[in-house]
Amino acid sequence: MTHITEAPIRHKGTAVNEDAVAGIPRQDYRLSLANLSIAFIALLVGGIAGLLQGFVRSGFLELPSWISYYALLTAHGVLLVLVLSSFFSIGYLYAGTSRVLGGLASKTIAFGWTGFGLMTVGTVIAAFFILAGDANVLYTFYTPMQAHPWFYIGLALIVVGILLNCIGMFITYQSWRKRNPGQLTPLFAFFSNAVFVLWVFASLFIAVFVVGFVIPWAFGWVPTIDPMMGRTLFWAFGHTLVNIWMLTSISAWYVSMPKIIGGKVFSDSLARVAVVILVVANVPGGFHHQILDPGLSVELKFLHVIQTFMIIFPSLMTAFAMLATMERAGRAKGVTSLLGWWKVLPWSDARFFALIVAMFAFIPAGLGGIINASNQINQVVHNSIWVTGHLHLTVGTTVMLTFFGISYWLIPYLTGRKMTRTLNRLGIIQTIVWASGMLIMSGAMHANGLLGSPRRTADTTYNGHSAASEWATYEMFMAMGGVILFIGIVLLIYIWAQLAFFAPKGDTDFPIGEDYRPADASPLFMDRWAIWVALGTLSIAIAYVIPLLDFASGHTPGSPPFLMP
Amino acid sequence: MHIHRYEKLWLIIGSLILFIFLGILAVQTFFLEMGPPSHAETIDPEEVRESEIFADAELQQIGDNEYEIAMIAEMFAFQPGDLEIPAGATVHFTLASPDVTHGFKITDTNVNVMVVPGHISKVSHTFNEPGEYLILCNEYCGLGHEYMANTITVN
């Protein structure tokens, strides 16, 4: 609870020097706050869509004729997995990088605002066409289903905006390296840079798909499109997005968590190795979404399974590093018993509590991921609601709870305020509410999926067929979990509003852990991203050259569009 | 770079488990023919309905309790309609879509394959247990997606 009592509390209404309070230059924190604001609006709107979906699917609610279940589902997906996660990661990583590198370059700010503008306009356009019912294509927008052409323009603007943010981050990172020759970049900046490198990998695939294939086809300039090409390019993006969230989240686990618990970073070099493996090996994981697709050979699919499993290594390293950090922090406080260090962790600190619950959620989430990617076993769960349950454990629980935990220090850090005891307590309650809601909802989804219930389906009664009859109970639990989660969102938005506008003024730190010992620092070449980008490109080439050349060779007949609705 | 003794142990054990796991998957895939459905054959989606394979297709007996059927997965039905087969029958399904991407899932079995326009998908299953199985589309295919289902009755 050190963050609550350490710094002097300044009273509300006292004139405050914003520059000094924020801890980072005013122009940097404005950019971060702008990004975070959009993320919070996306969470609220996307959350409402999710709540309604639970009611419709379980049969508690019938929607008015002007909006369909699938419009809500599209809004839920686009707003939460794309908009919320990208705006939040940009707001958080820009602020943290500014903190550790002593401010962002002025060009970075320019790229950041331009990117922010494009992403915001893109989000508004896409959201408008989704809610108007002209884009019932879900967030995966599998062709040849076709939405209103401007829906795709909206998506393209978001992607271009993200790419500009990538350039912004690279400028600050490289200019710091130039100004500090022979010095290792701070670990947090290394994480940031890695996330934006992954954004580039991901964005290029989706940009080629949307701009090169979908938009010309949606406007009718070309008559047909190849759906398999589309699925392949989409999942190269979609699965990379998953690790963009994960990498953003574990940056807080590796860098901030040690400081919060009064410990030190376990090993700088092993942290960077884990990051590099995630960046290099990540993209081909997209193929495990296509294990049941036609047109890809069994041998190729097996290669993709091996490539997908490469990211198990950094996950194992992370699990070890987290527990080792916690044990060492306890030992430093004088704990000698085998597991006594576990008890002295700051359980009553909402920042830590949210992070550790997130970490625990990743154990079943990671195991579920291995099951999904396992070739034959995939056949049991593919496109069942098990997968939705998995997604809500990974993004919904691990990533979201980490983001919530981050916001408990990030927002007051940026607004020059302090977390009060009451808000801290609410943060802990929020974590418990969120975890319970997810446990009920995601647990019911996993079980229901194993019984065969499909994902992304408005109604699964199938005229009262006996095979579908046992699914109803689980769908009631899913709706129940959804209600609890929505209470969690309301609670969270209350905390955020308090931290942004009403909490007492004061100094909140952006916790940045120190190294356990200098000998664990990485060799300098770790900062040479050309090496990692080249290796990443190689791993992408191994996975993608054969299938993409095959699809592009022209022997696959194209598909004309089918408007949704 | 210093790696703690316990971390080495942890990573070695983890890697071993992973390699054993991959080994099992490989044996199943390449020696027991349990690989996922991966048929590679193309068809023009606009010609599916008139094509030799799919036009007027019906269940055909091709061996001792062995059948084959070509099915069209379209918005929002599987054609031809409900099927009936004797217990113990092996059925080879050949699938294609004339419109958007669909899924082909038979409940209480491991039959699960994507039907992507432009490609022909194939999957086989032996139905040992009598009963009425539900065939459903498990890939969102439009506003009537939830109505896309058939049955297979195993007598």
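Among contacts in chain A between residues at least 6 apart in sequence, what percentage join residues at least 24 apart? The share is 86%, where two residues are in contact if their C-beta atoms, placed from the backbone, lie within 7 Å. The structure is a predicted model, in which local features need pLDDT of at least 70, side-chain atom pairs count only at pLDDT 80 or more, and totals for chains, interfaces and linings use all residues. Residues are numbered from 1 along each chain as its sequence is written, while chains are lettered from A and ligands numbered from 1 in the order in which they are written.

Chain A contains 19 helices and four strands (DSSP runs, H or I of at least four residues for helices and E of at least two for strands, numbered from the N terminus). Its C-alpha atoms fill a box of roughly 65 × 50 × 50 Å along the principal axes. Buried residues account for 60% of the 565 residues; buried here means 20 or more other C-beta atoms within 10 Å of the residue's own, with C-beta atoms placed from the backbone.

Not counting residues up to four places away in sequence, Leu247(A) touches Phe191(A), Ala194(A), Val195(A), Leu198(A), Val275(A) and Leu278(A).

Tyr474(A) lies in helix α18 (residues 471-502) and counts as buried because it has 24 C-beta neighbours inside 10 Å.

Technical notes. Buried ≥ 20, exposed ≤ 12 C-beta atoms within 10 Å, placed from the backbone.
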